[in-house]
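Here's a quick tour of one model, topic by topic. Have a look at it first, then read on.

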Amino acid sequence: MSLKTSLFEEHVSLGAKIVEFADWQMPIQYKNLKEEVIAVRDSVGVFDVSHMGEFFIEGKQALDFVDHLVTNDIKNAEISKAIYSPLCREDGTIIDDLIVYKISNEKLMICVNASNIKKDFDWMNSHLSSFDCTLINRSDDFSLLAIQGPKTFETLSQLDLNFQIEDNDYYSIQIGSDDKTPILLARTGYTGEDGFEVFGPHEFIKALWKQLMDAGVKPCGLGARDVLRLEVGYPLYGNELDETVTPLDTGLKWTVKMSKPSFIGKQALQDYQAKTQSIKLILDKGIPREGYVIENSQAQEIGTITSGTMSVCLKKGIAFARVDKNLYGPEEEIIVNIRGKKYSATRTKKPFVAGGHK
Amino acid sequence: MAKVIEELKYTEDHEWVSVENDIATIGITDFAQSSLGDIVFVELPEEGDELAASSSFGVVESIKSVSDLNSPITGIVTEKNTTAEDTPEALNEDAFSAWLIKIKISDPAELDNLMDSKAYAEYCEASS
């Protein structure tokens, strides 16, 4: 199976290098990945992320249902907020990470990873029967653009959009149009910079893309997106997060709200002792890549790299690593084994690069 | 259109070979550097390392990818270009000047397996 977004032909005509990602033919980069990363950090860039999934939950108990599904607190969040959360099984392992958009108490949208659309929908649907609400997978109705960078708001304000765009807060949403397939603008993104993710019907998004191109906004691919998210220390499902770990193993304790009366996975997570830990590494020399082995100073294997790249902003190798809590002492020297050679790495607790979002 | 130099020999992995007496100088082609994008890391073998034809002798890395360098022929490394290791961007600037290693050729007959510039230009055309 090979799916194409509504903008596929645009990507091809711009000379994008296309790769298959989660069954989708997606642009990994256009002319130059480095320039795409820099455009987002310093100015503005746009990503076609229409492959991602959109679910709508509507009805009297829509809020209760979503709050029951995810670990973060949706119930007490204000209307018009976007909330990041893991979706866990009863045993606390992570099915996916997602963003909930609280349009109202009776209408919520959830954006999920493209590779997990079916799995997430089936899971959610299997828990639906005791709630008075509907769950609809509307992924096919929406295209999605992530417009990211310090000049995003300024750029969008100058476009002809048929609605007024508000300078709202980070992680909040506004409705552009309330049609059957609505236009929803979220002050969110996966780059650490200010920006909007714009969900809308295909024709609207195609017209928006054209306006953005005419305004000189740089088209950016999934390669740049991966570098940008790693630089600001955001985890990726399939790499840092998967079904073998819980939020407590992966630095997501802040998204698990034990104060909620109940949610799927609460009991398991309450008593859970983390076995692994997700740490951030920076290398003076050598580029860490997914799968490389991490050793301690006694050459004992303590974990593996889950994502790694050359940082465009730092010009150094950066990575997320999953290490065994029993084998890793915080003060320990860390070695990355790259093709049999040992490269020294330093742990950092802060993001590698400070994003500029509000 | 990637640059191809007439007097060199080429591999299907986009390495170029220049032969002078029993020494082969090896690098990556303009087509290779252009497909890789910004080259940010180069790892080369040490002097004295023995290489078999088609075996990996190092890597070139772009921001998001790692590519093996494969030896076009069998031989012993006599020299490596430390400038290429220290300033990998030199490969993007001029891939034919930024050579990687020199090898003492063990079996000159292996050179006959390589493409000439005309064949290589056609090969690039077909793979782009």
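**A helix and what surrounds it**

On chain A, the buried residues of helix α7 pack against β3 (24-29), α2, β4 (45-48), β17 (301-310) and β18 (317-324). Keep in mind that this is a predicted model, where local features need pLDDT of at least 70, side-chain atom pairs count only at pLDDT 80 or more, and totals for chains, interfaces and linings use all residues. Residues are numbered from 1 along each chain as its sequence is written, and chains are lettered from A and ligands numbered from 1 in the order in which they are written.

A few terms before the details:

- Helices (H or I, at least four residues) and strands (E, at least two) are DSSP runs, numbered from the N terminus.
- "Buried" takes 20 or more other C-beta atoms within 10 Å of a residue's own, "exposed" 12 or fewer, and "partly exposed" is in between, with C-beta atoms placed from the backbone.
- "In contact" asks for C-beta atoms, placed from the backbone, within 7 Å.

**Helix α7 of chain A**

- 8 of the 10 residues of α7(A) are buried, so the helix is largely enclosed by the rest of the structure.
- The buried ones are Gly223(A), Ala224(A), Arg225(A), Asp226(A), Val227(A), Leu228(A), Leu230(A) and Glu231(A).
- Just after α7(A) comes Gly233(A), with a positive phi of about 75°.

**Where α2 crosses α7**

- Helix α2 (residues 33-42) and helix α7 (residues 222-231) of chain A have axes that come within 9 Å and cross at roughly 55°; axes are lines fitted to C-alpha atoms, for helices over the stretch in contact, and angles run from 0 to 180 degrees between N-to-C directions.
- That makes α2(A) oblique to α7(A), given that angles under 35 degrees count as roughly parallel, over 145 as roughly antiparallel, 65 to 115 as roughly perpendicular and the rest as oblique.
- At the contact, Leu33(A), Glu36(A), Val37(A) and Val40(A) of α2(A) meet Gly223(A), Ala224(A), Val227(A) and Leu228(A) of α7(A).

- Asp23(A) isn't a glycine, yet has a positive phi of about 75°.
- You'll find Asp23(A) in the loop between β2 (17-21) and β3 of chain A, and it counts as partly exposed because it has 13 C-beta neighbours inside 10 Å.
- Lys315(A), also a residue other than glycine, has a positive phi near 55°.
- Lys315(A) is in the loop between β17 and β18 of chain A, and its 8 C-beta neighbours inside 10 Å make it exposed.

**A sheet in chain B**

- 3 strands of chain B form an open sheet in the order β4-β6-β7, with antiparallel pairing; two strands pair if DSSP finds at least two bridges between them.
- β4 (39-43) and β7 of chain B stand at the edges with a single partner strand each, so one side of each is left without a neighbour in the sheet.
- Strands β6 (residues 56-62) and β7 (residues 66-70) of chain B are joined by 5 bridges and form a hairpin with 3 residues between them.

Terms used. Two residues are in contact if their C-beta atoms, placed from the backbone, lie within 7 Å.
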